[in-house]
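This briefing is intended for a reader who is meeting the structure for the first time. Please keep the sequence and the model in view while reading the points that follow.

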Amino acid sequence: RPAVRPGRFVACPFDPPGARMYRTGDVVRFRTWGSPRPEVGGGQLEYLGRADDQVKVRGFRVEPGEVEAALAEHPAVARAAVLAQDDRLIGYVVPRQDTARDDGLEADHVGEWRDIYDALPIAPEEAAFGHDFVGWNSSYDASPIPVEQMREWRDATVDRILALRPRRVLEVGVGTGLLLSQVAPHCETYWATDFSATAIDALTAQVARQADLAGRVVLQTRPAHDIDGLPAVTFDTIVINSVVQYFPSAEYLADVIGKLMRLLAPGGALFVGDVRNLRLLRPLATAVRLHRTGDHGDSGGHGDHGDLAAVRRAVEQAVRVEKELLVDPDFFTVLREHGTDIGAVAVEVKRGRHHNELTRYRYDVTLHKRPAAPVRPLDLRSEEH
């Protein structure tokens, strides 16, 4: 390492000219006789610390600055800091605010979820129309959420959408038609999209058998961000329910909301339902872990908590590896303040008799588009004829 050598191998004042000594970076001092510290005798070296930021981790000398530089090389990182704690290195990063979105990564993320849903055993039978809850599994034990709980969740969502008095509706992420089957009969037109061709094909077959929906429902396969060809400034209600968690980023969500607001007629409403609450991620992860260790948490059990330290580690690991998108409710308020067409924002907690992950850790948001500016009446008295 020639660049480092001149600063590390310096002239040695104790040996003949030309001799070198190695600068370790340790800071020491000679103690004089009569030292107030008897354990450090006179004439001995006392170690004071380091002249740099070098630390020891499990016996290895580490330069935190080098680790910080490596972290800062990532395009999404603005600043980084590294420190040693409890025999390990901990890195802190500040995200870069102006990071450009990666269309390729977003497409891969959406594609992964699409592949999962295309593989679901979605039933096209007429009996399943509006009642197919396939894929709705519990985070606690991976078993299907009881049908009565899913119906309550669905009915509560339908009530909130019907309260908006929808007539011309667009639903993004229609899935198996849980909402369409209940809302479309009350509407003049009902457009619905989904990124899963399997879901759209099954739903198309089911809708074709519903005489009361003839000519009113339009189904298309497309991702949420694709609005090409959809009628602009037409819909009075747009629904995007239990879909946001599959989006690749908050920037993607903001982009989708901006596009959907352009499709809304003035005074219309965008219902963003079943949003996972970022503030409650750690409480949910804790409840799930306690359930799996014997204390069934939401179910009211009182089993052995096990090793609490292990539970904490498992919770932190679950938070770190979470793949779904969770959103702080303040996100929607901030979105309104950044020059969108959003007028009013209404955030509501989920309602239900069953206390489960759907009612405890999620919420609904209704974004109202600003109404058209009223035309001021002409004051004929001030006109000259």
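Cys 12 is buried, because its relative accessible area of 12% is under the 20% cut-off. Cys 187 also counts as buried, at 3% relative accessibility. The model is a predicted one, and a search of the whole structure finds zero disulfides.

**The chain as a whole**

- The chain holds eleven helices and 15 strands.
- Of the 385 residues in the chain, 38% are buried.
- The accessible surface of the chain amounts to about 22,400 Å², and carbon and sulfur atoms account for 54% of that surface.
- When contacts between residues at least 6 apart in sequence are considered, 62% of them join residues at least 24 apart.

**A nonpolar patch on the surface**

- Val 28, Phe 30, Leu 45 and Tyr 47 make up a nonpolar patch on the surface, and together these residues have about 460 Å² of accessible area.
- Two elements, β3 (26-30) and β4 (45-50), each give two or more residues to the nonpolar patch.
- Phe 30, one of the patch residues, belongs to strand β3.
- Phe 30 is classed as exposed because its relative accessible area, 63%, is over 50%.

- Arg 50 is located in strand β4.
- With a relative accessible area of 18%, Arg 50 falls under the 20% limit and is therefore buried.
- The side chains of Arg 50 and Asp 26 are joined by a polar contact of 2.7 Å.
- A polar atom of the Arg 50 side chain also lies 2.9 Å from the backbone oxygen of Thr 24.
- Neighbours within four places in sequence set aside, Arg 50 is in contact with Thr 24, Gly 25, Asp 26, Val 27 and Arg 61.

- Most residues other than glycine have a negative phi.
- Asp 86 has a phi near 55°, a positive value in a residue other than glycine.
- The position of Asp 86 is in the loop between β7 (77-85) and β8 (88-95), and the residue is exposed, with a relative accessible area of 61%.
- Arg 165 likewise has a positive phi, near 55°, and is not a glycine.
- Arg 165 sits in the loop between α4 (147-162) and β9 (168-172), where its relative accessible area of 70% makes it exposed.

**Ala 184, a buried loop residue**

- Ala 184 is found in the loop between α5 (180-183) and β10 (189-194).
- The relative accessible area of Ala 184 is 2%, which means that the residue counts as buried, the limit being under 20%.
- Residues up to four places away in sequence not counted, Ala 184 touches Leu 179, Tyr 190, Leu 213, Arg 216 and Val 217.
- From C-alpha to C-alpha, Ala 184 and Pro 166 are 9.1 Å apart in space, with a separation of 18 residues in sequence.

- Lys 350 is placed in the loop between β14 (342-349) and α11.
- Lys 350 counts as buried because its relative accessibility of 9% is under 20%.
- The side chain of Lys 350 makes a polar contact of 3.1 Å with the side chain of Asp 364.
- Another polar contact, of 3.4 Å, joins the side chains of Lys 350 and Thr 157.
- Beyond its neighbours within four places in sequence, Lys 350 is in contact with Trp 153, Thr 157, Arg 160, Asp 274, Leu 358, Thr 359, Arg 362, Tyr 363 and Asp 364.

- Tyr 361 lies in the loop between α11 (357-360) and β15 (362-369).
- Tyr 361 is counted as buried, at 11% relative accessibility.
- Tyr 361 and Pro 283 are 78 residues apart in sequence, yet their C-alpha atoms are 8.7 Å apart in space.

How values were computed
Residues are numbered from 1 along each chain as its sequence is written. This is a predicted model: local features need pLDDT of at least 70, side-chain atom pairs count only at pLDDT 80 or more; totals for chains, interfaces and linings use all residues. Side-chain values use heavy atoms; hydrogens and water are left out. Patches are made of residues with over 30% relative accessible area and no salt bridge: like charges are joined within 9 Å, nonpolar side chains (Val, Leu, Ile, Met, Phe, Trp, Tyr) within 5 Å. Accessible areas come from the Shrake-Rupley method with a 1.4 Å probe; for residues, only the protein chains shown count as cover. A salt bridge is a side-chain nitrogen of Lys or Arg within 4 Å of a carboxyl oxygen of Asp or Glu. Helices (H or I, at least four residues) and strands (E, at least two) are DSSP runs, numbered from the N terminus. Buried means under 20% relative accessible area, exposed over 50%, partly exposed in between (1.4 Å probe, protein chains only). A disulfide is a pair of cysteine sulfur atoms within 2.5 Å. Contact means heavy atoms within 4.5 Å. A polar contact is a pair of N or O atoms within 3.5 Å; within protein, one must be able to donate a hydrogen and the other to accept it, and residues adjacent in sequence count only if both atoms are side-chain atoms.
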